Amino acid sequence: MTHTLDFLHEAFSNFIEGGSIVDVEQFRGGHINQTYFITHEDGRGRRRRYVMQNMNRTVFPRLKELMENVIRVSEHMHRRCTAQEHPDARRGYIHFVRARDGRNSLDSEALGFWRLYHFIENAVGKMTPSSETEAFAAGEAFGKFQELLADMPPPRLHETISRFHDTRWRYENLEAAAAKDACGRLAGCRDVLDGLRELRDAALAVQLAAEAGRLPERVVHNDAKLSNVLLDSTDGHAVCVIDLDTCMPGLSLHDFGDLMRSICSSEDEDTENPGRIVVRKDMFAALHAGYVKGATGMLTAEERALLPESGAVLTLEVAVRFLADYLAGDVYFRVKHPEHNLVRARAQLVLARKLVAAMPELHAIAAEQERE
Ligand code: GN1
Ligand code: MG
């Protein structure tokens, strides 16, 4: 475990008084924060599970603003789910637990920055979908998520990480990291760097449309991979969109593109065998249908026209970020071994190439659904 049990007990006791912690499990997913599942038993023998997270201050320098955003988003989701008499409303939003001093998190010099929320029972996050039903459910959940947030009252959400989906800037950072070659790793990854350079035009498709004023700003999730929507363990329906840390003003296509990246690939994000990657067109069809249904008429014709392209855009953007981090010495994404970021970048580059090659077919699928 990254933190000692004593340390975790102390952090937890800032939120919940009394009772005892009966189990702690570290969550192995996520590239940024440290996440623990805590089972607590209160004085009357009642057990409850919580998620306790230690937030990464380097990646999220504006944690106070981040917490304001996620609480506003989850409260708005709660209101909208309740108003719509959503059948599973109780599990449809993240329920944060306030610290005992009334704040929404614990910010301590000694312990770090922590937050706590209720564990959502009987639901799972998946890396790759097992069926078209799951792809549809995930698409619908994120479409609905964007639609539910469309009437969020002002003010605009804080931009907690600036230039998060500024693809051109991500490329500039990669070039700067390659020029610096801080760890002497460039020689071992030139093929990936060249491959990413070749696809730069495809990577800029969404940004250019936005800069031309053709895409509306919306409140979006910005990290809409499949594992960030929990699916019911019994029947697979989408229960809750989680990991709201990057919820910010952005483009609908940023979410759809990330969904494509995680759902339309036959392999994991960090596969060591990128040659095996196949673009799952069946999954794309299900995802596209679910997303458009969930967004219930909110999307403009220009947004809909770029949905297929957004998958390659987001895949390239994250590949560029993985490679830049590899060159800089793994300072941003958590890695399991020294070559991990390079493995991720290579896999995502291969996926992007295959998405670009499949573009005519993806457009044909989307067009057919538009006609129905
Ligand atoms: C990071 O930590 P996680 O897995 O939720 C990253 C995303 C990337 C993703 C790649 C704040 O998200 O932007 O798309 O890894 N989050 C941040 O899997 O940079
Ligand atoms: Mg995230």
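Tyr36 counts as buried, because its relative accessibility is 0%. The model described here is predicted. The points below cover an open sheet of 3 strands, a nonpolar core of 102 residues, a set of 11 aromatic pairs and the protein donors of a magnesium ion, ligand 2.

**The nonpolar core**

- The largest nonpolar core contains 102 residues, and Val73, Leu196 and Leu323 are the ones with the most contacts inside it.
- Helix H11, which spans residues 307-328, gives the most to this core, contributing 13 residues.
- Domain 1 (5-121) and domain 2 (132-371) each give residues to the core, so the core lies between the two domains.
- In soluble globular proteins, nonpolar side chains tend to be buried together.

**The open sheet E7-E9-E10**

- An open sheet is formed by 3 strands in the order E7-E9-E10, with antiparallel pairing.
- Strands E7 and E10 are the edges of this sheet, as each of them pairs on one side only.
- Strands of a sheet pair through backbone hydrogen bonds, and the pairing may be parallel or antiparallel.
- Strand E7 (residues 123-124) is joined to E9 by 2 bridges, and these two strands run antiparallel.
- Across that pairing, Ala123 stands opposite Asp232 of E9, while Val124 faces Leu231 of E9.
- Leu231 has Ala238 of E10 as its bridge partner.
- E9 and E10 make a hairpin with 5 residues between them, and Gly236 in the turn has a positive phi of about 80 degrees.
- In a regular strand, side chains alternate between the two faces of the sheet.
- Strand E9 (residues 229-232) is covered on both faces: Val229 and Leu231 are buried on one side, and Leu230 and Asp232 are buried on the other.

**Aromatic rings**

- A pair of aromatic rings is described by the distance of the centres and the angle of the planes.
- The structure contains 11 aromatic pairs.
- One of them is formed by Tyr36 and Trp114, a tilted pair with 6.2 Å from centre to centre and 35 degrees between the planes.
- Tyr36 belongs to strand E2 (residues 34-41) and Trp114 to strand E6 (residues 112-118), so this pair ties together parts that are 78 residues apart in sequence.
- Trp114 is counted as buried because its relative accessibility is 0%.
- The ring centres of Tyr332 and Phe333 lie 4.8 Å apart with the planes at 70 degrees, so this pair is edge-to-face.
- Tyr332 has a relative accessible area of 26% and is therefore partly exposed, whereas Phe333, at 7% relative accessibility, counts as buried.
- Phe7, Tyr36 and Trp114 are linked into a cluster by ring pairs.

**Charges over rings**

- Arg49 places its charged end over the ring of Phe119, 4.1 Å from the ring centre.
- Arg200 lies over the face of Tyr171, at 5.8 Å from the centre of the ring.

**The magnesium site**

- The magnesium ion, ligand 2, has Asp223 (OD) and Asp243 (OD) as its protein donors, lying 2.0 Å from it.
- Asp223 sits in the loop between strand E8 (218-220) and E9, and Asp243 in the loop between E10 and strand E11 (248-250), so the pair ties together parts that are 20 residues apart in sequence.
- Asp223 counts as buried because its relative accessibility is 19%, which is under the 20% limit for that class.
- Asp243 is partly exposed, since its relative accessible area is 24%.

**Backbone features in loops**

- Most residues other than glycine have a negative phi, and most peptide bonds are trans.
- Pro154 and Pro155 are joined by a cis peptide bond, for which omega is about 5 degrees.
- Pro155 is located in the loop between helix H3 (132-149) and helix H4 (167-180).
- Asp181, a residue other than glycine, has a positive phi near 45 degrees.
- Asp181 occupies the loop between H4 and helix H5 (190-198), and its relative accessibility of 23% makes it partly exposed.
- Asp330 is likewise not a glycine, yet has a positive phi of about 60 degrees.
- Asp330 is placed in the loop between H11 and helix H12 (340-357).

Terms used. Residues are numbered from 1 along each chain as its sequence is written. Chains are lettered from A and ligands numbered from 1 in the order in which they are written. Side-chain values use heavy atoms; hydrogens and water are left out. Buried means under 20% relative accessible area, exposed over 50%, partly exposed in between (1.4 Å probe, protein chains only). Helices (H or I, at least four residues) and strands (E, at least two) are DSSP runs, numbered from the N terminus. Two strands pair if DSSP finds at least two bridges between them. Rings of Phe, Tyr and Trp (its six-membered ring) pair if their centres lie within 6.5 Å; planes under 30 degrees apart count as stacked, over 60 as edge-to-face and the rest as tilted. A charge sits over a ring if NZ of Lys or CZ of Arg is within 6 Å of the ring centre and within 35 degrees of the ring normal. Donors are N, O and S atoms within 2.8 Å of the metal (3.2 Å for Na, K and Ca); water is not among the atoms, so sites may look incomplete. A nonpolar core is a set of buried Ala, Val, Leu, Ile, Met, Phe, Trp, Tyr and Cys residues joined through side-chain atoms within 4.5 Å. Domain bounds come from an automatic or database domain assignment.
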